[in-house]
Amino acid sequence: MKNKGVLLFVILLLAGFAGVVGKLYFDTIEAPVEVELAKPEIRDIVKKTVATGSITPRREVEVKPQISGIIETVHVEPGQVVKKGDLMVTIRVVPDVVRLNEAEAQVRTAKLNERNAKAEFERFSKLKEVVSESEFAKQELAYELRQQELRARQSHLQLVREGVASGSSAASNQVRATMDGMVLNVPAKEGASVIESNAFNAGTTIATLADMTDMVFIGWLDEGDVGKVKEGMSLDIKVGALGETKLKGALEHIAPKASDNQGAIQFEIRAAVEMNDAVFLRAGYSANASIVLESRKQVLTIDERVLQFEDGKAYVEIPTGPETSEKRFLELGLSDGI
């Protein structure tokens, strides 16, 4: 029994030794190299750059009141199409007490002056035959000037009291559209106070109007690509809200100065969008524009992953047998990165 145990131990030891030797041998044998083959094809190559931005109307204006007061009636709503001159908002004027008292005092003074000038003119009219023509003309002119002054003071009083002067469009309690277009938003609400637009105050925005038939793409381009584009280049614009629908555009402006856009140096670009009657573009749609920098039609192409380089020259391995190949140097052209 003892001899059998020794024999079994020797057999196991030899088997283990043989296994180790076999493993070391197979580890020294190189696995066959799998070669990836790529076949050249005739196709188009297009090199593009992408600008991110949004669709916005070319003409967008804010309508502001010419007088201060309280909004009485709002006549429009967002999405409504209006013509220049259409009534948008009616304002109820709350007259300032000081200005109102001053205007009333000026009217009273103007009436006294006009009454006095009238009496003088009537007196000279009775003496027309004994006074010179120049004296009579002077009194007639003075009377007409006093009449004109009275009308101006009365008009000013009406303006202070009601917000509108008779026969004048300089200021009005009716805010009207300043252009043809669509109402984008109406921040003014009935009962809200508004401030007039003047040299010292921008005024309260009553509504925003825009021409929705003339849209532009405003985007940002990295400084590495801005030198490769120029005005007149065509763009393929993809609007996220429209799915796979693409729009055409033409680059019309490149900003001469860069902007720091969240740490990235970028240039603003503007492109005219070709309108599509089947698609309604809303102001503020986010979009991406692809600009074609270069293109080649129907040229011999190959995947870049099979290219190798030697001393700055590109080459590929051409198989000549089951385990042999030869180098074939290439003259490269345009690349789209793929």
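Reader: Which residue forms a salt bridge with Glu-244?

Author: In this predicted model, the partner of Glu-244 is Lys-238, and their closest N and O atoms are 3.9 Å apart.

Reader: Is Glu-244 buried or exposed?

Author: Glu-244 counts as exposed, because its relative accessibility is 66%.

Reader: How many salt bridges does the count come to?

Author: The count comes to 13 salt bridges. Among them is a contact between the side chains of Glu-62 and Lys-64, at 3.4 Å from N to O. Lys-64 is partly exposed, with a relative accessible area of 25%.

Reader: And Arg-328, which residue does it form a salt bridge with?

Author: Arg-328 forms a salt bridge with Glu-326, and the closest N and O atoms of this pair are 2.8 Å apart. Arg-328 counts as partly exposed at 40% relative accessibility, and Glu-326 is also partly exposed, with a relative accessible area of 35%.

Reader: Which residues do salt bridges with shared partners join into one network?

Author: That network consists of Arg-58, Asp-214, Glu-252 and Arg-270.

Reader: Turning to aromatics, how many aromatic pairs are there?

Author: The count comes to two aromatic pairs. One of them is formed by Phe-121 and Tyr-143, which are stacked, with 5.4 Å from centre to centre and 15° between the planes.

Reader: Where in the chain are Phe-121 and Tyr-143?

Author: Phe-121 belongs to helix α2 (residues 97–126) and Tyr-143 to helix α3 (residues 133–162). The two residues are 22 residues apart, and the pair links distant parts of the chain.

Reader: Why does Phe-121 count as buried?

Author: Phe-121 counts as buried because its relative accessibility is 17%, and buried means under 20%. Tyr-143 is buried as well, with a relative accessible area of 13%.

Reader: What about Tyr-315 and Phe-329, what kind of aromatic pair do they form?

Author: Tyr-315 and Phe-329 form a tilted pair, with 5.6 Å from centre to centre and 55° between the planes. Tyr-315 lies in strand β17 (residues 313–319) and Phe-329 in strand β18 (residues 325–329), 14 residues apart.

Reader: Which of these is buried, and which is partly exposed?

Author: Tyr-315 is buried, with a relative accessible area of 7%, whereas Phe-329 is partly exposed, with a relative accessible area of 43%.

Reader: Which charged end sits over the ring of Tyr-315?

Author: The charged end of Lys-327 sits over that ring, 5.0 Å from its centre.

Reader: How do β17 and β18 pair?

Author: β17 and β18 pair in the antiparallel sense over five bridges. Within this pairing, Pro-319 stands opposite Ser-325 in β18. The two strands form a hairpin with five residues between them.

Reader: And how many bridges join β16 to β17?

Author: Three bridges join strand β16 (residues 308–310) to β17, and the strands run antiparallel. Gln-308 stands opposite Tyr-315 in β17.

Reader: What phi does Asp-311 take in the hairpin of β16 and β17?

Author: Asp-311 takes a positive phi near 55° in that hairpin, which has two residues between the strands.

Reader: Changing topic, what is the order of the open sheet of four strands?

Author: The order is β6-β5-β3-β8, with antiparallel pairing. The edge strands, each of which pairs on one side only, are β6 (174–176) and β8 (193–194).

Reader: How many bridges join β3 to β8?

Author: Two bridges join strand β3 (residues 69–74) to β8, and these strands run antiparallel. Ile-70 stands opposite Ser-193 in β8.

Reader: Last topic: how much space lies in the largest pocket?

Author: About 1100 Å³ of space lies in the largest pocket. Of the 39 residues that line it, the closest to the centre are Ile-302, Asp-303, Val-306, Leu-307 and Val-316.

Reader: Which elements give two or more residues to the lining of the largest pocket?

Author: Those elements are β1 (41–57), β15 (286–301), β17 and β18. Strands β17 and β18 are also the ones that hold Tyr-315 and Phe-329, respectively.

Terms used: Residues numbered from 1 in each chain as written. Predicted model: local features only at pLDDT ≥ 70, side-chain atom pairs only at ≥ 80, totals over all residues. Heavy atoms only, no water. Salt bridge = Lys/Arg side-chain N within 4 Å of Asp/Glu carboxyl O. Buried < 20%, exposed > 50% of the residue type's maximum accessible area, 1.4 Å probe, protein only. Pairing = 2+ DSSP bridges. Phe/Tyr/Trp six-rings, centres within 6.5 Å; stacked < 30°, edge-to-face > 60°. Lys NZ or Arg CZ within 6 Å of the ring centre and 35° of its normal. 1 Å grid on protein atoms, 1.4 Å probe; cavity = no way out; pocket = protein on both sides within 12 Å on 5 of 7 lines; lining within 4 Å. Points joined across faces, edges and corners; volume = space filled by probe spheres on them.
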